[in-house]
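Subject: Structure handover

Hello,

Here is the structure I promised to pass on. Please open it next to this email and follow along.

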Amino acid sequence: MKILAISGSARRDSTNTAMLRAVRAVAPSDIEIAIFDGVGALPVFSPDLEGEALPAAVRDFVAAIARSDGVIIASPEYVRSIPGGLKNAIDWLVSGEQIVHKPVALLHASHRGDDMLAGLRTILATITDRFAADIFLRLRLMTLEPAEVFRAIETVENRLRVQAYLQAFSAYCEAAGQTVIGPPS
C-alpha cells in the first residue's frame, strides 16, 4: 500500500510535517508512506499554466498523487481556514483526473481547527468521490517541537492509534481499488 501524506504547512519546523514523519516511522511494514511537504514551493495556480505549460514542481506533485493508492492530508488552521499553500495545491488538482477517484483521509495534529477541517472536508468531498470522512485521527501535538512529536507518537497508546488509523485507511484504499468506476459495460 502506497500512501502519499501531504503536509498543508509551508513552515520548516511544522508540527504537521513532523507528525507525518513520525506516523511514517511507526507505520505497519505493509504500508509505505511518502511525504509531500512542498506546498509552499508550488507556484500560484493559474489555468494558463496547465497542460504543456505545467510547472515541473506541479508535475511532480501530480505524479506523486497518481502513483499513490491513497492520500492523507494533515494541515494547520490559519485564520479559521485552510492555509493558502494547501488550497493552492488542491487547486492544481481540480482539472485533472488524478484525485477524482483517489481515496483521501484526514489526520490532524491539534485539539482545535474545526473550522478549517469543515472547509477542507467540503472541498475534498467535491474533488474526489473517495473521501473517507469517517477515517480520521486527531492527535494533540500542536505545541510540541518536532522531536517531541516523534516521542509523543512513539508512546504505546498513540502508536496503536496511528497503526489502527493507517490499517483502516489501507483497507479503504484496497476496497476502493477494487471498485470499478465508469459507465456500465
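This is a predicted model: local features need pLDDT of at least 70, side-chain atom pairs count only at pLDDT 80 or more; totals for chains, interfaces and linings use all residues.

Residues are numbered from 1 along each chain as its sequence is written, and side-chain values use heavy atoms, with hydrogens and water left out.

**Cores**

Start with the largest nonpolar core, which has 30 residues. A nonpolar core here is a set of buried Ala, Val, Leu, Ile, Met, Phe, Trp, Tyr and Cys residues joined through side-chain atoms within 4.5 Å. Buried means under 20% relative accessible area, exposed means over 50%, and partly exposed lies in between (1.4 Å probe, protein chains only). M19, I33, L107, I153 and L166 touch the most other members. Elements that give two or more residues include α1 (15-26), β2 (32-36), β5 (131-138), α5 (146-153) and α6 (156-178). Helices (H or I, at least four residues) and strands (E, at least two) are DSSP runs, numbered from the N terminus. α1 gives the most, with six residues.

There is also a second, separate core of 28 residues. V58, V71, I82 and M116 are among its members.

**Helix pair**

The axes of α1 and α5 come within 9 Å and cross at roughly 40°. Axes are lines fitted to C-alpha atoms, for helices over the stretch in contact, and angles run from 0 to 180 degrees between N-to-C directions. From α1, the contact (heavy atoms within 4.5 Å) uses T15, A18, M19, R21, A22, V23, A25 and V26. From α5, P146, V149, F150 and I153 take part.

I153 is worth a look. Leaving aside residues up to four places away in sequence, I153 touches M19, A22, V23, V26, L139, L141, N158, R159 and V162.

**Two single residues**

R130 sits in the loop between α4 (114-127) and β5. Is R130 buried or exposed? R130 is buried, because its relative accessible area is 8%. Its side chain reaches two backbone oxygens: that of A176 at 2.8 Å and that of H101 at 3.5 Å.

A133 lies in strand β5. A133 counts as partly exposed because its relative accessibility is 40%. A133 and V104 are 29 residues apart in sequence, and their C-alpha atoms are 8.3 Å apart in space.

Best wishes

Key. A polar contact is a pair of N or O atoms within 3.5 Å; within protein, one must be able to donate a hydrogen and the other to accept it, and residues adjacent in sequence count only if both atoms are side-chain atoms.
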